Amino acid sequence: MESNLTKGPILKSLIKLAIPIMASSFLATLYNITDMAWIGLLGSKAVAGVGVGGMFTWLSQGLSSIARMGGQVQVAQCIGRGDKESAHKYAQTAMQLSLYMGLLFAVFSLVFVHQMVGFFNLTDVEAYDAAISYTRIAYGLIVFSFMTMTLTQRCSDRNRYRPVHCYEYYGA
């Protein structure tokens, strides 16, 4: 199923692009609400700790978008030109950059966890300990978030430009 969003009614094309983006945003928000509801069962101090640690997740998403968006633009241009080999190279480079940036962010976060959490001046020891614990767990594994964001973007490119499977870009 080939799709060319540059032809036809613009409203229909915008809706075709917007619905998956809105759906993924909605699911991410729903996940966070569910996550907080379960953590809320542990008490308000646990929620405060996770809330503090979660602030840096937003920072990490901004950093991960560097590789994701840069790779997306280059892959889209290559696909538009019909240059599948270059698209493959750009996609692999975006994944490698995501990996390295995710590892760097994880190491930085784990080394400076006390300074990062200390920025919020938590006075409650239990909330502070919950924030430290959550941050260590979440950011020790943040590299997977970096990689997932880039990989899912690459795979969604095939739906926008032409039928190409994402594994073709990564040599799988």
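Q: Is D124 buried, exposed or partly exposed?
A: D124 is partly exposed, at a relative accessible area of 28%. The cut-offs are under 20% for buried and over 50% for exposed, with partly exposed in between (1.4 Å probe, protein chains only). Mind that this is a predicted model: local features need pLDDT of at least 70, side-chain atom pairs count only at pLDDT 80 or more, and totals for chains, interfaces and linings use all residues. Residues are numbered from 1 along each chain as its sequence is written, and side-chain values use heavy atoms, leaving out hydrogens and water.

Q: Thanks! Which residue forms a salt bridge with D124?
A: That's K45, with the closest N and O atoms 3.1 Å apart. A salt bridge here is a side-chain nitrogen of Lys or Arg within 4 Å of a carboxyl oxygen of Asp or Glu.

Q: And what does the pair tie together?
A: D124 lies in the loop between α4 (113-118) and α5, and K45 in helix α2 (residues 44-81), so the pair links parts 79 residues apart in sequence. Helices are DSSP runs of H or I, at least four residues, numbered from the N terminus.

Q: How many salt bridges does the whole structure have?
A: There are 2. E85 also forms one with K89, at 3.4 Å between the closest N and O atoms.

Q: Switching to α5, which of its residues are buried?
A: A127, A131, I132, T135 and Y139. Down the axis of α5 they fall within an arc of 140°, taken from the directions from the helix axis to the C-beta atoms, so they line one face of the helix.

Q: What's exposed on the other side of α5?
A: V125, E126 and I137.

Note on methods: Helices (H or I, at least four residues) and strands (E, at least two) are DSSP runs, numbered from the N terminus.
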